[in-house]
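Biologist: Thanks for sitting down with me. Could you walk me through the labels on this one?

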Amino acid sequence: MTAHDIHKLLAEGERLTLECKKAQKTLPQSLWETYSAFANTAGGTILLGVHEDMAEKDRSKRFSITGVEDADKIRKDLWNTINNREKVNINLLHDENVQTIRIEDKEIVAIHIPRADYNLRPVYINNNLMNGAYRRNHEGDYHCTEQMIKMMVRDAYEDGNDRLFLEYYTMDDIDIPTLEGYRIMFKTNNPQHVWNSLDHKEFLTQLGGYVVNRKERNEGLTMAGLLMFGKGLPVRERFDNLRMDYIDKSNLIGDQRYSDRLTYDGTWENNLFNFIRMVVPRLTRELPRPFQMDGIIRKDDTPQHKAVREAFTNMIIHADLMMDGLLRVEKYDDRFVLTNPGLLKLPLEQIYAGGESKARNQRMQNMLRMIGYGENLGSGFPLILSAWNERHWLKPELIEQSDLMQVKLILHIENKEDAPKNDTKDDTKDDTKDDTKDDTKQLSDRQLFLLELIRNNATLTIPQMTLKTKVSKSTILRDLTALQEKGVLSRKGGRKIGQWIINLKD
């Protein structure tokens with residue numbers, strides 16, 4: 001990095017991947033919280049020797065180069081601390097990640113922290129897994145929730161999640177019509193396969209849906225077997241944290257909220273295979289089908305139809321089905337939206353590029369691939385991009401929503417020139433929730449929580465906010481500054497006897 005690079009970074013301000021610390025003489029203790037947060041999120045850069053004036057509203061004047069007194073000593077302290085494993089559980093840094101840069105006759109230390117691979121997370125400090133793991137959110141570091149930590153620990157196992165053995169769940173919990181429907185598709189795609197002659201139990205064992213534990217002398221269903229082919233009641237008993245929902249908001253007339261809805265209502269066995277069989281045709285039936293013949297048979301399985309199946313498959317095989325969450329599919333006139341619980345195991349740019357796949361549910365991935373759902377490893381998302389580009393539709397958006405612990409894929413089915421230019425309304429949110437007021441649409445969940453705290457106590461102090469939100473003082477100050485800049489919040493009176501004023505419409 002050069003002095004020009006530093007000035008460019010500062011011009012954009014602190015954000016998800018940048019943190020500035022004054023650190024004139026020593027390493028600040030808060031550096032290690034940011035190290036953990038960057039490693040567990042998207043990576044980032046820490047600049048030591050840069051001061052941020054939180055009271056300055058002019059972004060161009062907010063940062064000043066203060067420099068460090070002894071860059072060599074700070075770098076030595078950094079390496080000594082990070083290598084003794086008492087402060088952090090793993091060192092992700094190499095020599096090229098730490099650099100001294102001279103700016104305006106002063107030295108700053110730039111530390112680039114890479115995103116940790118999924119099999120190395122969570123990265124935590126002070127030998128405390130549950131209270132020492134952080135993630136980055138907007139401009140601050142915050143403690144990982146217990147649910148998030150458990151997700152990262154599960155992700156570290158190469159064998160995936162869905163191999164989990166479910167004690168006391170047997171073939172009696174399998175919905176035989178569902179399994180028979182799958183076997184018909186399996187035989188159609190693999191007519192000569194030796195598994196076609198097996199009985200249901202042995203067939204499911206070969207697929208990884210049923211296991212025999214020789215050491216413990218017990219046997220039963222795996223997570224993959226029950227979720228894919230189970231009866232509705234056993235599925236809900238064991239995985240009451242998970243829901244499946246399809247809603248069609250296309251072709252609405254008048255004040256209709258939706259034109260079609262599929263959620264559990266007792267009329268179908270709510271396992272994943274049934275969800276796929278019932279929803280995919282609903283999604284694809286209105287996609288363009290050019291008239292093509294393969295001999296005397298009409299060929300109408302277009303790249304776009306394959307891409308929708310791929311997207312549906314990805315939603316399932318990459319979901320963390322042990323979390324509280326929702327497998328939700330939404331259909332609109334101009335897009336499909338698919339949402340699954342869990343966060344991305346791989347960086348976004350790597351997923352878009354393809355070439356590598358790290359499914360959480362590897363047995364389900366194999367089950368679906370055997371019936372024609374899912375491409376070769378690592379080629380799925382590029383297939384979706386290619387199919388959409390062929391139609392000149394807007395580029396699919398893959399969005400990681402850390403606050404909600406979910407991933408959302410938006411498949412636009414409109415051309416760029418047809419897309420509205422100024423329409424920023426997001427109506428893909430859960431229709432069971434009230435619309436957010438205009439003044440709060442651009443605020444983070446934490447900022448909304450701060451406003452609620454202040455609404456209940458207008459004299460709330462910064463230390464009290466820190467205690468209630470469980471984030472650092474600097475993060476609170478950033479949020480308060482952002483709220484004031486947006487005109488949502490103002491301050492009346494001094495620091496000790498003043499109070500906060502919320503400027504929102506009733």
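Modeller: Happy to! What covers the buried residues of α4 includes α2 (30–40), β7 (134–137) and β8 (140–143). This is a predicted model, in which local features need pLDDT of at least 70, side-chain atom pairs count only at pLDDT 80 or more, and totals for chains, interfaces and linings use all residues. Residues are numbered from 1 along each chain as its sequence is written, and side-chain values use heavy atoms, with hydrogens and water left out.

Biologist: What makes a stretch a helix or a strand here?

Modeller: Helices (H or I, at least four residues) and strands (E, at least two) are DSSP runs, numbered from the N terminus. Helix α4, for instance, covers residues 146–155, and M148, I149, M151, M152, R154 and D155 are buried in it.

Biologist: Why is R335 called buried?

Modeller: Buried means under 20% relative accessible area, exposed over 50%, and partly exposed in between (1.4 Å probe, protein chains only). R335 has a relative accessible area of 10%, so it is buried. This arginine lies in strand β16 (residues 335–341).

Biologist: How do you know that the side chain of R335 makes a polar contact with D334?

Modeller: A polar contact is a pair of N or O atoms within 3.5 Å; within protein, one must be able to donate a hydrogen and the other to accept it, and residues adjacent in sequence count only if both atoms are side-chain atoms. The contact between R335 and D334 is side chain to side chain, at 2.5 Å, so it qualifies.

Biologist: What makes β12 and β17 edge strands?

Modeller: Two strands pair if DSSP finds at least two bridges between them. β11 (residues 242–248) and β12 are joined by 3 bridges and run antiparallel, so they count as a pair. The open sheet of 6 strands runs β12-β11-β15-β16-β18-β17, with mixed pairing. β12 (260–262) and β17 (397–401) each have a single partner strand, so one side of each is left without a neighbour in the sheet.

Biologist: How many disulfides does the structure hold?

Modeller: A disulfide is a pair of cysteine sulfur atoms within 2.5 Å, and the structure holds 0 of them.

Biologist: Are the cysteines C20 and C144 buried or exposed?

Modeller: C20 has 8% relative accessibility, so it counts as buried. C144 is buried too, with a relative accessible area of 5%.

Terms used
Contact means heavy atoms within 4.5 Å.
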